[in-house]
Amino acid sequence: MSKGGRATPEMVGSRIREARKMAGLSQQQLATLLKLHRPSVSEIEAGNRRVTAEELSRVADLLDVSVSWILGENVENVEDDDPRVQLAARELRRLKPADFDRVLKLLTAIKR
């Protein structure tokens, strides 16, 4: 989060880029899904073009992330003994190896 509590276009763009990559989509594919031109997605990811509220909602839905995550809100620390962590660990054990790798990549991207 930037000073003043508002997400910067650069941070929003970076999060969209990370989520797009984790979803396995190219800029062109995301642009097509959003009914935008590819350069618009490139400009968003570079922080040179602001995202409208409607676009932000559509991006979050398409990339299966929350709007609050894209905006860098609601970041909280979670302890290892948190029941949610235990539940997540159980669910992760059920994933196929390729899906597990995608989750790990997404977690790494989110952590940054």
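# Close-up views of a predicted helical model

**Figure 1. Residues around the largest cavity.** Ile16, Leu30, Leu34, Val41, Ile44, Val51, Glu55 and Val59 form the lining of the largest cavity in this predicted model. The volume of this cavity is about 40 Å³, and a search of the whole structure returns one cavity of 30 Å³ or more. Three helices each contribute at least two lining residues: helix 2 (27-34), helix 3 (38-46) and helix 4 (53-63). Sorted by class, the lining comprises seven nonpolar residues, no polar residues and one charged residue.

**Figure 2. Glu55 in the cavity lining.** Glu55 belongs to helix 4 and is among the residues that line the largest cavity. Glu55 is classed as buried because its relative accessibility is 9%, below the 20% limit for that class. Apart from neighbours within four places in sequence, the contacts of Glu55 are Leu36, Arg49 and Arg50.

Figure 3. Helix 1 covers residues 9-22, 14 residues in total, and spans 20 Å from its first C-alpha to its last, close to the 20 Å expected at 1.5 Å a residue. This helix is mostly covered, with ten of its 14 residues buried. Gly24, which follows helix 1, has a positive phi near 75 degrees.

**Figure 4. The largest nonpolar core.** This core holds 17 residues, of which Val12, Ile16, Leu30, Val59, Leu63, Val65 and Ile70 touch the most other members. Helix 1, helix 2, helix 3, helix 4 and helix 5 (67-71) are the elements that give two or more residues to the core. In soluble globular proteins, nonpolar side chains tend to be buried together. Val65 is in contact with Ala19, Ala60 and Ile70 when its neighbours within four places in sequence are left aside.

**Figure 5. Asp64 between helix 4 and helix 5.** Asp64 is located in the loop that joins helix 4 and helix 5. Asp64 counts as exposed because its relative accessibility is 69%, above the 50% limit for that class. Its phi is positive, about 55 degrees, although Asp64 is not a glycine. Most residues other than glycine have a negative phi. The C-alpha atoms of Asp64 and Ala23 are separated by 8.2 Å, while the two residues are 41 residues apart along the chain.

**Figure 6. Lys35 between helix 2 and helix 3.** Lys35 is situated in the loop between helix 2 and helix 3. With a relative accessibility of 74%, Lys35 counts as exposed. Lys35 is a residue other than glycine with a positive phi, near 60 degrees.

Figure 7. The secondary structure consists of seven helices and zero strands, giving the pattern α-α-α-α-α-α-α along the sequence. Of the 112 residues in the chain, 28% are buried. Among contacts with a separation of 6 or more, 56% join residues 24 or more positions apart.

Notes: Residues are numbered from 1 along each chain as its sequence is written. This is a predicted model: local features need pLDDT of at least 70, side-chain atom pairs count only at pLDDT 80 or more; totals for chains, interfaces and linings use all residues. Side-chain values use heavy atoms; hydrogens and water are left out. On a 1 Å grid over the protein atoms alone, a cavity is a set of points where a 1.4 Å probe fits but cannot get out, and a pocket is an open set with protein on both sides within 12 Å along at least five of seven lines; lining residues have an atom within 4 Å of a point. Grid points are joined across faces, edges and corners, and a volume is the space filled by probe spheres set on the points. Helices (H or I, at least four residues) and strands (E, at least two) are DSSP runs, numbered from the N terminus. Ala, Val, Leu, Ile, Met, Phe, Trp, Tyr, Cys and Pro count as nonpolar, Asp, Glu, Lys and Arg as charged, and the others, Gly among them, as polar. The expected span of a helix is 1.5 Å times one less than its number of residues. Buried means under 20% relative accessible area, exposed over 50%, partly exposed in between (1.4 Å probe, protein chains only). A nonpolar core is a set of buried Ala, Val, Leu, Ile, Met, Phe, Trp, Tyr and Cys residues joined through side-chain atoms within 4.5 Å. Contact means heavy atoms within 4.5 Å.
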